[in-house]
Amino acid sequence: MKINFMLIDDNEIDLFINRKYIEKEVGNAEVRTFQKAKNALKYLQCYENDKEDHDHFYPDIILLDINMPEMNGFEFLNALGNLRDTRILRIKTYLLSSSSHLNDILDAENHDNCEGFINKPLTGRKLEQILDEIFPKPKQ
Amino acid sequence: MNIIERTINGNGGKLELKIRDLLEENSIYSVLNSKGFVEYASKGFCTLFDVPVTDILGKLSPLFINNRNKGLVKNLSTKSLENGYKWKGTLKVDGKKSRKMWIKTTIMPLERNYDSTFIFLTIHEDVTKLKLELSDFKNSSSMHEYIYDSVKVGIVIVLDSKGIVIKWNKGAQRSFGYTSSEILGEPVSRLMGGKFSNAEFSNFLQHIEIERNLQNEEILELYCTDKQGKEFPTEFVISKWRMKGADYYGIKMLDISKRMAIQNRLHKKTKELELMLYRSAHELNAPFSSAQGLIDLMKIEENSPKVKELIEMLQRTIDQAKVLSSGLHKSSLILDNMSYRKTIDFKKIITDVLKILKDQKVYKDFVFNIAIDDSVTFVSNPNLIFTLFNKLLDNAVKYTYQASSSKLPIIDLTIEKREGEVKITVCDNGKGIRKRDINRIFEIYYRAKVENTGRSNGLGLYIVSKIVDSLNGKIAVESKFNQGSCFIVTLPHIK
């Protein structure tokens, strides 16, 4: 099964690290990276408007940095919540941050459109846990 | 014959004499001629003036000595009293050792049959004590009046039972900018600001009472509005008294604009500093975690032993840097969390938490046993404590078995007082924790693999441990797999 990832982070190096781990952990993955949350949002809004000019990349998982200039992770989440396309409603979004500020964690956890909070840097084990959560292994 | 006469006569005249003696001693009266000279004086009269009767008979009555009450003597001689029948009044006279006395006096003219001249019966009551008390009262109340009026700094306002301003002082006038005539007779709500501006007086009193109970403080802070419509903060005390069957309210206030301005500035500066600390800590953290991510990746790659050694050294450097930045970060967290504190009402917090939890279906069949030691007083950040209980109880509920006829899920929560700390225990009879998991349950994003548990995000217990950390507390867990778990949190009092 192919898994599509959308990575949103203003830090290029973090995007690189995250992409590397995904490539290592997930056999069949497609990764799209965005350095600006606004651009990522525009991309997703294309479904909504049913424009045919996008390239049929539907993310299964979004890894979203919290602290970004212009539009931060929470602002992106709120905007995402306004989109009603079923393909968007299916997306599992995780917030990433190098801060473990309690308020950030609580906000992330309580946010309707957010599956959870990941403390940076991403590691193979953390990624594995997300995948286990989204795609539970069938019971033996 | 009436009863008294019969009684007196029946005693052979002895009782009659005794009664007369008693009357003599205890009543104060005299008989004067038209010049004010004494023709007769009762024993009581002589005692009052402390003179033997022989010293005053035929002489000017002590009522008129030292030129006192000259007008009255004139009345006696000019026969104006004869026509007025009776004179009543209080005379100021010189008594023992020239001490002033006030004598309530009734003078009745009596016509003598044989020469048609008038004599005067004077009946007295000593009211000196009463008079002195009254003047004392007058002195002190005029002093209060003076203090009240002259105080220019404080605001004093007196209201009637309906909240109408009936009195105010110079300080009030100065602070509000109204003249007395503009404000007397007006409802006090005209002077109030914020939520009380133009409020019903009964509402106002009710709110004050609530505030007072909430803050457990007699002195409240309140906004007022001056004539220009400008609001200013005051410190405020209200008192109530009853006088002649009516209620009155006294309001004492102090304009604290200056103090508040300084306080606000200080508060803002502190916030700025805290924010700066938090931001710098965060900014530092970001590149370190990126570097850590790169090192992690490098470790996975095929590396020569030389490069491996270099990676290890880089790892140690990054570790040191992370210790620094996390220390900075933690202290900014504590600042942030600790800045707001109050006495924790455990009962209320737990009731609120359960209310939220019980809205969710899964909690319906649970038995909660809650025991809180009433003597516990604990000051902390209420939001943190709320979240702590929320997560602890949520966790306990998540890992229990479904209710069945043989086993009800039970959660015991106790709060006990300990030397210098509070001990919180949350126990469940649920699924328990496996040995291999127990050391990792507080890690962020760690989820033990337990069957039939709902959605878990691996954050609940991490948040619990984070809060306990920031409150300088400790958390321990005891658990038997398939039997249940106990979480024991101890939180020290803030020094």
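**Figure 1. B:Ser380 is a buried residue of chain B in this predicted model.** B:Ser380 counts as buried because 22 C-beta neighbours lie inside 10 Å. A residue is buried if 20 or more other C-beta atoms lie within 10 Å of its own, exposed if 12 or fewer, and partly exposed in between, with C-beta atoms placed from the backbone. B:Ser380 belongs to strand E13 (residues 379–380) of chain B. Helices (H or I, at least four residues) and strands (E, at least two) are DSSP runs, numbered from the N terminus. Leaving aside neighbours within four places in sequence, B:Ser380 is in contact with B:Arg341, B:Ile344, B:Ile385 and B:Leu471; two residues are in contact if their C-beta atoms, placed from the backbone, lie within 7 Å. The C-alpha atom of B:Ser380 is separated by 7.8 Å from that of B:Tyr340, 40 residues apart along the chain.

Residues are numbered from 1 along each chain as its sequence is written, and chains are lettered from A and ligands numbered from 1 in the order in which they are written. In this predicted model, local features need pLDDT of at least 70 and side-chain atom pairs count only at pLDDT 80 or more, while totals for chains, interfaces and linings use all residues.

**Figure 2. Helices H13 and H14 of chain B pack against each other.** The axes of H13(B) (residues 346–358) and H14(B) are 9 Å apart, at an angle of about 45°. Axes are lines fitted to C-alpha atoms, for helices over the stretch in contact, and angles run from 0 to 180 degrees between N-to-C directions. That angle makes H13(B) oblique to H14(B); angles under 35 degrees count as roughly parallel, over 145 as roughly antiparallel, 65 to 115 as roughly perpendicular and the rest as oblique. From H13(B), the residues B:Ile349, B:Ile350, B:Asp352, B:Val353 and B:Leu357 take part in the contact. Their partners in H14(B) include B:Pro382, B:Ile385, B:Phe386 and B:Phe389.

**Figure 3. The largest nonpolar core has 62 residues.** A nonpolar core is a set of buried Ala, Val, Leu, Ile, Met, Phe, Trp, Tyr and Cys residues joined through C-beta atoms within 7 Å. The residues with the most contacts inside this core are A:Ile8, A:Leu63, A:Leu64, A:Leu95, A:Leu96, B:Leu392 and B:Val426. Its largest share, seven residues, comes from helix H14 (residues 382–398) of chain B. Another core, of 19 residues, lies apart from it, and B:Ile155, B:Trp168, B:Leu191 and B:Phe236 are among its members. In soluble globular proteins, nonpolar side chains tend to be buried together.

**Figure 4. Chain A has six helices and five strands.** Along the sequence, chain A follows the pattern β-α-β-α-β-α-α-β-α-β-α. Of its 140 residues, 37% count as buried. The peptide bond from A:Lys120 to A:Pro121 is cis, with omega near 0°. A:Pro121 lies in the loop between strand E5 (116–119) and helix H6 (124–134) of chain A.

**Figure 5. B:Asn472 and B:Asn482 have positive phi values.** Phi is near 60° at B:Asn472, which sits in the loop between helix H16 (460–470) and strand E16 (474–480) of chain B. B:Asn472 counts as partly exposed, because it has 15 C-beta neighbours inside 10 Å. At B:Asn482, phi is near 70°. B:Asn482 is in the loop between E16 and strand E17 (484–492) of chain B. With 11 other C-beta atoms within 10 Å, B:Asn482 is exposed.
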